[in-house]
Amino acid sequence: MNSLNTTSVSLAVTPAVVSTLFSHYLNRKLLKERPTAHLPYDEGLHLIRSFLDFASHHTVEELQAFTAQWVPHPQWVKVVDATIPEAQLTRAAEILQAELGEDDLRQLGGSRWWQWRKPDSSLEAEWIEMRADANERKKNGGSCQRVMMYIHGGAFFFGSVDEHRYQMQRHARKLKARVFAPRYRLAPQFPFPCGLHDCLAAYLYLLTVQDPTTIVLAGDSAGGGMVVSLLCVLRDQGLPLPAGAVLISPWVDLTHSFPSVSGLSPLDYIPQAGFHHKPSRAWPPPNEDDIAMLREEALKRKKGFTKKQPGTSELKEKQQAPVAEREDSFVSNSSRSNWINGGVPVDPEKLLSVEIDGKLVKIKDQIQMYTTNELLAHPLVSPVMQPSLGGLPPMLIMVGGGEILRDEQIYLAHKCANPEKYALPNEAMDETAEARLRQYKPTDVQLQVWDDLCHVAPTLSFTRPAKYMYRSIAQFGAWALARAQQRGIEILDDDAISVISSSGSESGQDGDTKKDAMTNGHTTIESGYVGKAGDPLPAFNNHMIRQRVTRHGATLPLAPEAELPSCCMSAHSIGVIKEGTVKKWLDSKKQWDSRYASTKAKVHKKIVEDMVAGYREFGPGEYPPPTALAGRRRVDTDFVEGKKRKSLGLAMWSLWGSKHDEMTVVREHKADLANEDTAKLVATPSDGQGARSYTDIERQEHLQMPRSRSRSHSHRRVVVDENQTGSAPLDENTYISQLLALRREQEAMGHDIHDPDYTPETGAAGKRPFLDGIALPFSLNKEAETASMMTLHSDESPLPDSRRVSLEGSSDEVGLSAQKNGLANEKEDDADVAPERPQMETFVTAAEHLPTVKT
């Protein structure tokens, strides 16, 4: 088969692209209610699926090299390389050793091998930001109050910063931030905990140049799982936590124990039976029986019993099965600690077992590239196995409703928000685990489950759903930063600048949106839209914002926990591999082993040669896993790093993904110029004759209107923390919109404010009770210290002698309020300057239409 390059990939995926084009229009009725109704999404989904299928017939090294190729960046994006100092790598290793403990380090195979790097190599990273933002930052002193550390995905074994840059640059543009992306080491050559070590070192370096309140962690797929593990290490070791985290389709259960993995996922591109590849020296590793056979052949040559190298056909016949039936008296014939190539010294009785067709079998072949089978349920490998996911910064967890990993992601969100309910079984909790469960309070989580979307839908950045997702990420990131820094955060107003185009293949779009809004009888009060730049987040309820999102960006309440399969699983079944998943994996592996048996025999022949030559060691107690490159260093050779190639294919893909950003940058530049021209005009009182006076408009009765998606003429909005988590106490500085939101929540709970028997809360004694923005002249259920009128803060009407009888806390009004108070003009470099206090205004008592109150 041809090597993995731009030409071969193009020839392989072209038939899928053409067939999708025809089938899309032939099956329009079937696609109408799904994201695939959008042609670019349909094409992108099938293109990635076709690419992964084609790549599976090549080696892991070929896939890694292809996705690590150099990709040019647009001229309006500034990219700066960075190197993580050795001191941070050393400190990260010490922290990780403290987190793992002696037992885990022993099971890992030591504490030194995973710190090894290729000769003359270091941990590199990349700063990514919009060039215009970089120039503005330079003018204002060079500091930055918004940084997103992004950990790219790729199942822990492929992908790169170059490949993901087109996604990162959009995050930078939306959030007006700098993105920091580490080039961490990849499995299987650098298995767990190598990648986690690198990401921890990158974060420690970031803390030397940034305040933690200016940092948001983000990651997709395996990168999302890495973010959760990193946060747990920071939390447990008492290190500064970032302002928030964004998890896009995080992979957090490598045991594949949740229901969605066992079923079919026709709307996803992830291989249904896991990742299988043409055999190579890197993957798959020989199992313990293979190692015993190869060790015997190597010893024969080493002792001079034979000088003849075993033939390929001979080694092909000696290949061992991936599973073995396990009996109670089962004893392994080999010990990993005695391998010439080393290995993890483990109890053979603890190897991964599963019952298949009524027989208990031991899985000998390694399943995941990230780590050995014995460590799949380790809490830093599969974060769903953490004793507690409380005590972490606010998270946004995005789930594709059609992806194969959706159940574990939904479970993760609920475990973060309710650690005690989703705790591990009692027998799995030691004293340390129980202490952490008691110590850490619930984590605030915004969970969004996007109807029928695939795994990491933002990969298809040119599609409609992805554009909504980028908006939502920017909105959450701005809120998290505003909350941590206690200041306003300016964010791009997408409705004016970033246009979400429609597809000619779609029809009935508005009708579908209205139909979605009425699904399951949800009311319009509970529904809304995502990604409205500058809008505040909804309030958290029991530490969660639970949203189901349609392909048009409409939000609806997510189904109750009792209706979600992952939330109804027994705690004893979490982290336990299932029969159906293993059978699918074994069926595919059987096909690959049969098809590439000769290739596998050639690899085994190379292993025998390496064993005869001998391997370099790290010292006593160090046993690298079979796939680790650190354990495969021949004593007579050194590694030579190949040159980075340029990729025309990835460049074209990046260009396609960046097209929307390029057009948006042009529109934003034009909008900035228009604002400058407007600023030069001078308005006088004589302008606009015949219009109503300001006093006349102010005195009119306020009409309550439903919330709309209209925008101000400014294309910048300011996001502020409005205590959505409920963690801050209510006082005289509390925003009116928040007070009204609490009042509406009480009404929804059945407390009718117009009921004669209703008694409003009065707060502290001596402070006037208020109702709908009106201060009452007496105290209720409390002995007041004074009968004077209470002076309240108002963010809504800054002019003296103005009053509103009723006020809706809409997002547009809150954004306008922030702009009037000077927050909109605040530069991100002025983090230490306290925001200007709102003007004081005295509310007079309304003498009409007051409810009857019992005292």
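In strand β5 (residues 215-220), the bridge partner of V147 is I215, where strands are DSSP runs of E with at least two residues and helices are runs of H or I with at least four residues, both numbered from the N terminus. The model is a predicted one, in which local features need pLDDT of at least 70 and side-chain atom pairs count only at pLDDT 80 or more, while totals for chains, interfaces and linings use all residues. Residues are numbered from 1 along each chain as its sequence is written, and side-chain values use heavy atoms, with hydrogens and water left out.

The pair V147 and I215 belongs to a parallel arrangement in which strand β3 (residues 147-151) is joined to β5 by five bridges; two strands are taken to pair if DSSP finds at least two bridges between them. Five bridges likewise join β5 to strand β6 (residues 244-248), again in parallel, and here L217 has A245 of β6 as its bridge partner. Six of the six residues of β5 are buried, so this strand is largely enclosed by the rest of the structure, buried meaning under 20% relative accessible area, exposed over 50% and partly exposed in between, with a 1.4 Å probe and protein chains only. In a regular strand, side chains alternate between the two faces of the sheet. In β5, I215, L217 and G219 are buried on one side, and V216, A218 and D220 are buried on the other, so that both faces are covered.

Two packed helices are described by the angle and the distance between their axes. The axes of helix α8 (residues 194-209) and helix α9 (residues 222-236) come within 10 Å and cross at roughly 65°, the axes being lines fitted to C-alpha atoms over the stretch in contact and the angles running from 0 to 180 degrees between N-to-C directions. In this contact (heavy atoms within 4.5 Å), α8 contributes G195, L196, C199, L200 and Y203, and α9 contributes M226, S229, L230, V233 and L234.

Residue S265 lies in the loop between α10 (259-262) and α11 (288-302). This serine is buried, with a relative accessible area of 3%. When neighbours within four places in sequence are left aside, S265 is in contact with S260, Q272, G402, E403, I404 and R406.

Across the protein, there are 23 helices and 20 strands, and buried residues make up 55% of the 855 residues. Of the contacts with a separation of 6 or more, 81% are accounted for by residues 24 or more positions apart.
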